Amino acid sequence: MNQLTKLPERAMDLAGQVGSGLRGAVPAKAVQWVETGAALAALKTGGRVATRFVKRNPAIAAAAVAGAGLLWLAARRRAKRRDEDAGDGSSHGTEGRRTRRVEARRAPRTTSRRRSASSAS
């Protein structure tokens with residue numbers, strides 16, 4: 001009776017040994033083909049689920065597509081604006097806000113701003 005209780009445990013050990021032996025014996029290319037097949041099967045199943053969802057909920061699908069399009073358009077415009085700004089030598093703030101370049105100029109000389117040391121006392 002003792003050996004009957006160890007039978008499932010022994011079967012799992014044997015299956016693990018066979019699996020590891022097969023993994024070592026099978027060429028890497030075959031493993032890659034199996035992984036590719038699994039990925040294609042998942043893609044096919046996902047496509048079926050998506051098609052079924054769109055057929056049942058066309059308004060939600062249309063809203064999702066429109067939202068994705070708007071996000072893409074906004075990202076494209078932002079990238080284009082960033083490229084244009086980078087070309088004119090201006091800098092961006094740390095928060096990504098657009099900054100305006102201010103040219104340095106000399107202040108006009110006036111006598112009222114500068115007093116001589118003798119007239120100040």
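Predicted model: local features only at pLDDT ≥ 70, side-chain atom pairs only at ≥ 80, totals over all residues.
View 1. Patch members have over 30% relative accessible area and no salt bridge; nonpolar side chains (Val, Leu, Ile, Met, Phe, Trp, Tyr) are joined within 5 Å, like charges within 9 Å. A salt bridge here is a side-chain nitrogen of Lys or Arg within 4 Å of a carboxyl oxygen of Asp or Glu. Areas are Shrake-Rupley values with a 1.4 Å probe, and for residues only the protein chains shown count as cover.

**View 2. Zooming in on V54.** V54 sits in helix 3, residues 28-56 (helices are DSSP runs of H or I, at least four residues; strands are E, at least two; numbering starts at the N terminus). V54 counts as partly exposed because its relative accessibility is 41% (buried is under 20%, exposed over 50%, partly exposed in between).

**View 3. A patch of positive charge.** K44, R48, R52, K55 and R56 gather here on the surface. Lys and Arg count as positive, Asp and Glu as negative, with His and the chain ends not counted; each charge is placed at NZ of Lys, CZ of Arg, CG of Asp or CD of Glu. K44 is in helix 3, and its 56% relative accessibility is why K44 counts as exposed.

**View 4. Helices 4 and 5, by confidence.** Mean pLDDT (the predictor's confidence in each residue, from 0 to 100) is highest in helix 4 (residues 58-87), at 91, and lowest in helix 5 (residues 117-120), at 56.

**Notes.** Residues are numbered from 1 along each chain as its sequence is written. Local features need pLDDT of at least 70 and side-chain atom pairs 80 or more, totals for chains, interfaces and linings use all residues, and side-chain values use heavy atoms, without hydrogens and water.

Key:
Buried < 20%, exposed > 50% of the residue type's maximum accessible area, 1.4 Å probe, protein only.
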